[in-house]
Amino acid sequence: MSTLHCFEFSVLGRTVSLPVPLFVNVAISIGAFYAGRSLIPKMKPMFINANLYGIDMNKKSKPKIPEAFGVVTGCIFLVSLFLFIPVPFLRNFSATIQGDFPHDKFVEFIAAMLSICCMILLGFADDVLNLRWRDKLYLPTIASLPLLMVYYTNFNSTTVILPKLVRPLLGHSLDIGALYYVFMGMLAVFCTNAINILAGINGLEVCQSLIIAGSIVLFNVAEILSGLHSDAHEFSLYIMLPYIGATLALWRYNR
């Protein structure tokens, strides 16, 4: 993924190479946290004045809590990604190597942000319009289509690694064909609603998101430090770190 120079250091006698854009991404993620920490209290009255609020039943004072506030965090997350987009490709903007521009990697970024935009719109529409449950089933699937289309054009691998328990019967892996894309579309529905169903409980919904994102980051870091560095791990970190930064700001006010 990275087209800039790498920063090398030693960990437990092993030389680890990290791309410079990753450090830029960390800086942007920290900026996303401070931006959210500053914007959230300032925008709270705007949501309350627009009647987008609920009552905190767990406190004696019964304060008004703004709803649909995830759209603020989501916008900060998107702006962070917009600012970061050029960084991994700066070297390719040079006139001498423009012919080698990694369009497939660039499209992955754009498709990811398009899907994120769709999900933010869905979440805001749900808070404002109180969507029916059947709408929450097919809309996430539609939002995942850009990612599935890019995956189809760039990779189109529909092989899954099977658990050890069934390998004596079915082998190490199994090609499930078109069912792979059906599964990925259904996974988008499950993930969004598994988190959304906890809405309204202070800190629980946003904390669950942080735990999931943190586990993904830890997995990628562990793989990189073990020498299994790949573009997929970099791409995952580029998306997850700004998300954690923006979400931490929301969690700070949603405990």
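**Helix packing in a predicted model**

Residues are numbered from 1 along each chain as its sequence is written, and side-chain values use heavy atoms, with hydrogens and water left out.

Helices here are DSSP runs of H or I, at least four residues, numbered from the N terminus.

Back to the pair. Helix α7 spans residues 179-196 and α8 residues 204-225. They pack at about 135°, with axes 9 Å apart. Axes are lines fitted to C-alpha atoms over the stretch in contact, and angles run from 0 to 180 degrees between N-to-C directions.

Which residues of α7 meet α8? A194, I195 and N196 do; their partners are E205, Q208, S209 and I212. Contact means heavy atoms within 4.5 Å.

Next, α1 and α2. Helix α1 covers residues 20-49, and α2 covers 70-84. Their axes come within 9 Å and cross at roughly 150°. That makes the two roughly antiparallel. On α1, the contact includes P21, N25, G36 and F47. On α2, V71, T73 and S80 are among the residues involved.

Last, the record. An unreviewed UniProt entry annotates residues 20-40 and 68-86, among others, as "transmembrane region"; such annotations may be inferred rather than shown by experiment. Residues 20-40 are 100% helix, with end C-alpha atoms 31 Å apart. Residues 68-86 are 79% helix, and there the ends lie 30 Å apart.

How values were computed
Predicted model: local features only at pLDDT ≥ 70, side-chain atom pairs only at ≥ 80, totals over all residues. Parallel < 35°, antiparallel > 145°, perpendicular 65-115°, else oblique.
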